[in-house]
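Visitor: I have not looked at this one before. Could you walk me through it, a piece at a time?

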Amino acid sequence: MLKMLQIEMLKLKHSKILWIAVLAPAFIVFQGASNFLRYYDLFTEKGQNIWDQIYTQSVIFYSFLLLPILITLIMSIIGKVENDNGGWKYALTLPIKRKDMYISKFIMGSFMVLINILVFIISVLIAGKMVKAPSPIPYGMIVGQPILSYIVSFPIMIIIYIISINFSHIGIPLGLGIGLTLPTILVANTKYWILYPWTYPAMATSGGGMFEENMLIYPISIILFIIVFIIGLYRFKNRDILL
C-alpha cells in the first residue's frame, strides 16, 4: 500500500493539485482578515473577541462554498489522472490489486483535503497574530472546528471520488460537485439540512453560532461514508472499466 501511495504521489506531481490545496484557503483567510481590518471599528466596538471575528470572517465562505468546491476539484483531478489517455486500461493490467488502487487513490485525495484544512488553520493563526489579536488563542474553535469539518466532509469526498473514477470526462464530477455545493446556504437554513451532506462542513464550523449544533452529523457522516465506500469498492473490483 505504501508503494501504491508513492506511485499516486508521483502521478499528481505535475497536476498542480497541491497548489490548489494550499493557496485557496490562504487566499480566503487573507480576504477575511482584510475585511476585518477594513471594518475594524465595527467588529470591535462592542468588545468582540478579535480571534472570533477573524475566524468568522474567514470560515463562513470557506465552509459553505470553498471547501466543498475544493474537494470536488481534488477528487476530480484524482480521477482525471487515470482517465486521460486510457490510463485505466493500462493501470488495470498491472499486477496490482484493484482494492489497493481504489484505497490508495482515495487516501491521496483525502490527504490533499487535509492539507487544505491545515493550511486554513495555520492561515487563521497567522492572520490573528498579524492583527495583534490578544491571547489566549481559542484553539478549540480555530483548530477543533475545521478538523471536525474535515471529518464530516468524508461523504462528499467519497461521492465525488466514485463519480470521478467512473466517468472519463472531468466535467461530470466537476459539474455535479459544484452544482450540489451551490444550494448549500439555502438548504442549511431549512429543517432538512441533516439530509444534505454538503451542509455538514458549515454545520461543523458554526459551533452553534448560526445554527443549532446537531451532533448527529458525526455518526451519520461516518456511517454514510462507510456505506458508500464499500459500495464503490465492490463495483470497482467487479466491473470492467473501459474508459
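Visitor: Before that, what kind of model is it, and how are residues numbered?

Guide: This is a predicted model, in which local features need pLDDT of at least 70 and side-chain atom pairs count only at pLDDT 80 or more, while totals for chains, interfaces and linings use all residues. Residues are numbered from 1 along each chain as its sequence is written, and side-chain values use heavy atoms, with hydrogens and water left out.

Visitor: Ok, so how many helices and strands does the protein have?

Guide: The protein has twelve helices and zero strands, where helices (H or I, at least four residues) and strands (E, at least two) are DSSP runs numbered from the N terminus.

Visitor: And how much of the protein is buried?

Guide: Buried residues make up 48% of the 243 residues, with buried meaning under 20% relative accessible area, exposed over 50%, and partly exposed in between, using a 1.4 Å probe and protein chains only. As for contacts (heavy atoms within 4.5 Å), residues 24 or more positions apart account for 78% of those in the protein with a separation of 6 or more.

Visitor: Let's take a helix. What span should α2 have, and why?

Guide: Helix α2 covers residues 17-38, and because its 22 residues at 1.5 Å each should span 32 Å, the 32 Å between its end C-alpha atoms agrees; the expected span is 1.5 Å times one less than the number of residues. The buried residues of α2 include Ile17, Ala21, Ala24, Pro25 and Ile28.

Visitor: How do α2 and α6 pack?

Guide: Their axes are 8 Å apart and the angle is about 30°, the axes being lines fitted to C-alpha atoms, for helices over the stretch in contact, and angles running from 0 to 180 degrees between N-to-C directions. That makes α2 roughly parallel to α6, since angles under 35 degrees count as roughly parallel, over 145 as roughly antiparallel, 65 to 115 as roughly perpendicular and the rest as oblique. On the α2 side the contact includes Ile17, Pro25 and Val29, and on the α6 side Met112, Ile115 and Phe120 are among the residues.

Visitor: What classes are in that contact of α2 with α6?

Guide: The residues divide into 15 nonpolar, two polar and no charged, where Ala, Val, Leu, Ile, Met, Phe, Trp, Tyr, Cys and Pro count as nonpolar, Asp, Glu, Lys and Arg as charged, and the others, Gly among them, as polar.

Visitor: Now α6 with α12: at what angle do they pack?

Guide: They pack at about 135°, with their axes 9 Å apart, and are therefore oblique to each other. Among the residues in contact are Arg98, Lys99 and Tyr102 of α6, together with Phe225, Val228 and Lys237 of α12. By class, the contact of α6 with α12 has nine nonpolar, two polar and three charged residues.

Visitor: And how do the axes of α8 and α12 cross?

Guide: The axes of α8 (residues 154-166) and α12 (residues 217-238) come within 8 Å and cross at roughly 15°, and the two helices are therefore roughly parallel. One side of the contact includes Phe154, Ile158 and Ile162 of α8, and the other includes Leu224, Val228 and Phe236 of α12. By class, the contact of α8 with α12 has eleven nonpolar, two polar and no charged residues.

Visitor: Switching to loops, where does Lys132 lie?

Guide: Lys132 lies in the loop between α6 (98-130) and α7 (139-151), and is exposed, with a relative accessible area of 69%. The phi of Lys132 is near 60°, a positive value in a residue other than glycine. Most residues other than glycine have a negative phi.

Visitor: Last one: where is Leu182?

Guide: Leu182 sits in the loop between α9 (171-181) and α10 (184-188), and at 57% relative accessibility counts as exposed. Leu182 and Leu65 are 117 residues apart in sequence and 7.2 Å apart in space, C-alpha to C-alpha.
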